[in-house]
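Reader: I would like to learn how to read side-chain features in a model like this one. Could you walk me through them?

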Amino acid sequence: MKPLFYLLTVCFSLLLMPALAQKKGATVTGKVVDENDDPLPRVSVTILGRQQGVTTSDSGTFSIKVGADKAVALVFSFSGFRTEQRNVYLNDGEEERIIVKLVKKSETMEEVVVTNNADKKEVGLIRINPKNALVIPSTIGGVESLIKIFVGSNNELTSQYSVRGGNYDENLIYVNDFEVFRPYLVRSGQQEGLSFINPELASRVSFYNGGFQNKYGDKMSSVLDIQYKKPKRFGGSAYVSLLEQGFHLEGSSKDNRFSYLLGVRNRTNQSLLSSQETQGSYIPRSSDLQANLNYIVNKTWSLEALVSISRTSFTLVPEFTQLTSSVFSPLFSANLGADIFFEGREEDKYSTNMTGLAATQQLSKRVKLKWMASRFENDEREQFDIIGAYLFGERDFDKSKPTFGLIVNPLGAGVFQQFARNTLNIENWNLSHKGQWDGGKHLVQWGLGYDKTLINDRLNQWERNDSAGYTLPFNPDQLNLTSVIKSTADLNINKFSGYVQDNIALNDSFGVTMSVGMRFNYNGLNKQLLISPRFQLAWQPRKHPDLILKLAAGAYHQPPFYRELRRYDGSLNTGLLAQRSWQFVAGADYQFRRGSRPFRLSGEAYYKSMTDVVPYDIDNVRIRYYGENNAKAYAVGAELRLIGELVKDAESWVSLGIMKTMENIDGDHYYNYFNKDGEQITGDTEDQVPVDSARVEMGWLRRPSDRRITFGLFLQDYLSTNKNFKVHLNLLFGSNMPYNIPNSVKYRNALVIEPYIRADIGFSVLLLDSEKGNRRSHSPFRELENIWLSFEVFNLLDRRNTISYLLIKDYSNNIFTLPQRLTPRLVNLKLLVRF
């Protein structure tokens with residue numbers, strides 16, 4: 001039997017040999033790159049289970065033969081990088097090209113361990129990872145929500161922020177070296193639309209909270225410097241949530257000389273605003289389109305174009321609101337409230353267009369020149385005509401009574417009407433040049449700029465108040481309005497600015513670096529020339545290379561742009577001078593590890609002395625200036641930041657700030673009046689005639705931005721058994737702030753906005769990871785990088801923070817204040833796909 005079996009086996013093998021000889025196999029070719037899309041040479045490429053394979057060339061390319069008509073696993077391994085596996089299933093003779101990205105084993109975050117010493121040595125610099133902008137649970141999202149972790153916040157509906165005692169108008173924003181601006185007529189956070197910055201397009205975010213260098217412009221508080229990506233391959237993302245939707249595309253030509261970014265976003269806060277205290281119909285819409293194009297002409301020249309188009313509209317038809325406040329005193333306690341019924345509507349429109357062109361010339365290895373031209377336009381329209389009838393008094397909170405929730409003891413009633421037809425158009429044309437010379441131990445940077453600003457403003461607004469059937473101020477012979485503002489302005493302003501600074505490495509052995517320079521600014525409106533010297537010093541001790549000590553001092557003067565020129569009555573002060581400040585900063589930066597987890601601890605103390613200050617009041621996000629340089633002020637404080645892996649392989653931030661800012665307004669005083677018995681007269685009564693008075697000087701008072709303590713926490717964690725399930729916590733705390741009665745000297749600082757406490761939490765699950773090698777070659781999801789699904793809970797504590805106050809008079813002409821509050825607890829669902 002055995003000879004017969006062997007004979008049949010040989011015959012059968014001879015019959016199969018021609019068929020086997022026809023199998024050519026398949027081929028897999030491609031390229032291996034790192035996280036920055038740079039090619040990786042000498043990467044080992046093997047078939048799983050075999051020891052022999054191929055290695056990538058100097059350009060990262062490879063080609064390997066694999067079996068056909070069966071699943072084959074390719075293993076890519078390289079020292080210092082995580083091993084990557086790709087599964088393929090190819091037909092006979094088929095060839096497939098793939099791109100494999102290897103990730104470094106040490107998941108050290110770029111924001112924790114900054115490898116560039118120049119970054120660590122800059123005073124006030126905070127590097128922010130823009131990828132976290134779509135991860136952090138926040139009602140506004142974007143880069144600004146990340147910044148608020150470090151500087152604090154008092155309003156979850158706005159992307160604006162105040163830094164070290166400054167206001168919203170004291171912050172600079174640059175995108176690819178082009179300065180961008182915000183709308184000016186916005187009165188409340190609910191009217192705001194999208195932030196200019198699209199985080200999906202950003203590659204680097206640099207935030208300076210003070211003491212910044214000469215190359216940045218003339219503002220007193222902070223700089224946000226955004227650099228958009230220059231992609232080297234095709235990719236993109238798309239996301240959808242209950243608040244916002246958007247997508248972006250990026251890519252480059254085969255020779256990488258041309259690259260493009262395109263981003264589209266749409267946002268509606270309707271689900272947020274529907275829970276506001278004022279019930280009604282809210283229709284907020286905001287959308288934008290941004291494009292960034294780059295072209296490398298040759299080794300010397302490169303061109304760039306940045307285009308942004310944004311449209312925001314806000315429509316409100318208010319119906320009803322209930323406001324409540326508890327009053328406690330030695331004499332009585334009560335739950336006071338106001339029921340307000342509305343008629344009318346509000347319609348606001350804000351459009352922003354920006355076009356920027358730049359040409360960069362690499363004149364030599366040491367000299368780089370950049371020429372820029374841009375046009376930025378804001379067109380804003382604000383229209384409202386709203387009548388409110390209110391009943392004010394003690395509210396019943398006894399659930400057992402049929403009057404629960406109603407006003408049972410009326411103290412006042414009245415009607416108010418607010419009317420406005422305001423338009424504002426601002427065009428800013430800019431021509432500028434920047435350059436640098438690298439001399440080794442000297443890096444000299446310079447710049448010149450010319451701005452032409454055209455402002456066309458039309459204000460037509462008035463307000464009427466009626467209390468107990470009498471129009472205020474009361475005059476039996478005529479109808480008076482509480483306030484009337486009718487004003488027009490057509491301004492044509494020419495501005496010149498420039499700077500020069502030298503970044504010096506004094507002694508490599510001692511680790512001392514210094515930056516010294518000067519700015520100038522000339523404003524053609526007020527004919528004022530400003531000179532601003534600035535200085536920075538950093539020392540990295542040889543014996544302690546993980547420690548850097550820093551000092552900075554300089555002048556940070558802020559010329560008026562437009563809003564500062566407007567007085568309360570609507571008139572313009574075109575002779576308004578720049579607000580001046582001298583700032584001093586001392587800080588330290590220390591990097592350390594706890595086990596394998598990296599951390600970075602930074603601390604700074606600062607002092608700002610300000611003169612020619614323009615006082616202002618804040619109502620929600622609206623800033624109303626006095627329009628006069630009639631105050632001096634100061635701000636002093638300290639900040640401490642910890643960035644690191646509180647949970648292994650998950651980046652977290654902790655920030656603590658202590659600050660005090662005060663101001664003294666020239667001639668700010670009031671009089672106390674006394675009757676014949678020497679008793680102070682406290683009200684308007686006919687039976688008391690003043691016979692004496694005493695002048696009271698207000699002196700130093702808290703500024704509207706004075707918040708003594710701020711705390712921020714951004715914590716990331718995951719399930720110990722599965723890192724694909726993550727949690728993100730965003731926690732903010734800010735102590736109380738003063739609230740000023742508008743146009744009142746005696747009652748400036750009379751009110752206090754209670755502490756701001758806010759906690760948002762998000763839960764994310766990775767539906768599809770970036771391990772493409774685990775997917776079949778013909779899978780419809782093969783080209784996707786990842787898919788994330790997030791569930792977010794805003795205002796986890798359900799604390800409705802106060803943003804401002806409504807002033808109401810009772811029948812005896814006493815003024816009561818009722819807090820106006822922000823959003824309650826809400827939920828959001830978000831789906832994010834990257835490819």
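This is a predicted model: local features need pLDDT of at least 70, side-chain atom pairs count only at pLDDT 80 or more; totals for chains, interfaces and linings use all residues.

Reader: Thanks! How are the rings of Phe-78 and Phe-81 placed?

Author: A pair of aromatic rings is described by the distance of the centres and the angle of the planes. Rings of Phe, Tyr and Trp (its six-membered ring) pair if their centres lie within 6.5 Å; planes under 30 degrees apart count as stacked, over 60 as edge-to-face and the rest as tilted. The whole structure holds 26 aromatic pairs. For Phe-78 and Phe-81 the centres are 5.7 Å apart and the planes at 35°, so this pair is tilted. Phe-81 is buried, at 9% relative accessible area.

Author: Tyr-174 and Tyr-216 also form a tilted pair, with 5.9 Å centre to centre and 45° between the planes.

Reader: Which parts of the chain does the pair of Tyr-174 and Tyr-216 tie together?

Author: Tyr-174 lies in strand 9 (residues 171-175) and Tyr-216 in the loop between strand 11 (202-208) and strand 12 (222-228), so the pair ties together parts that are 42 residues apart in sequence. Strands (E, at least two residues) are DSSP runs, numbered from the N terminus. Both Tyr-174 and Tyr-216 are buried.

Reader: And how should I read salt bridges?

Author: Side chains of opposite charge can pair when their charged atoms come close. The rule for a salt bridge asks for a side-chain nitrogen of Lys or Arg within 4 Å of a carboxyl oxygen of Asp or Glu. The count here is 35 salt bridges. One of them joins Arg-265 and Asp-288, at 2.6 Å from N to O. Arg-265 belongs to strand 15 (residues 258-267) and Asp-288 to strand 16 (residues 278-296), so parts 23 residues apart in sequence are tied together.

Reader: Are Arg-265 and Asp-288 buried or exposed?

Author: Arg-265 and Asp-288 are both buried.

Methods. Residues are numbered from 1 along each chain as its sequence is written. Side-chain values use heavy atoms; hydrogens and water are left out. Buried means under 20% relative accessible area, exposed over 50%, partly exposed in between (1.4 Å probe, protein chains only). Helices (H or I, at least four residues) and strands (E, at least two) are DSSP runs, numbered from the N terminus.
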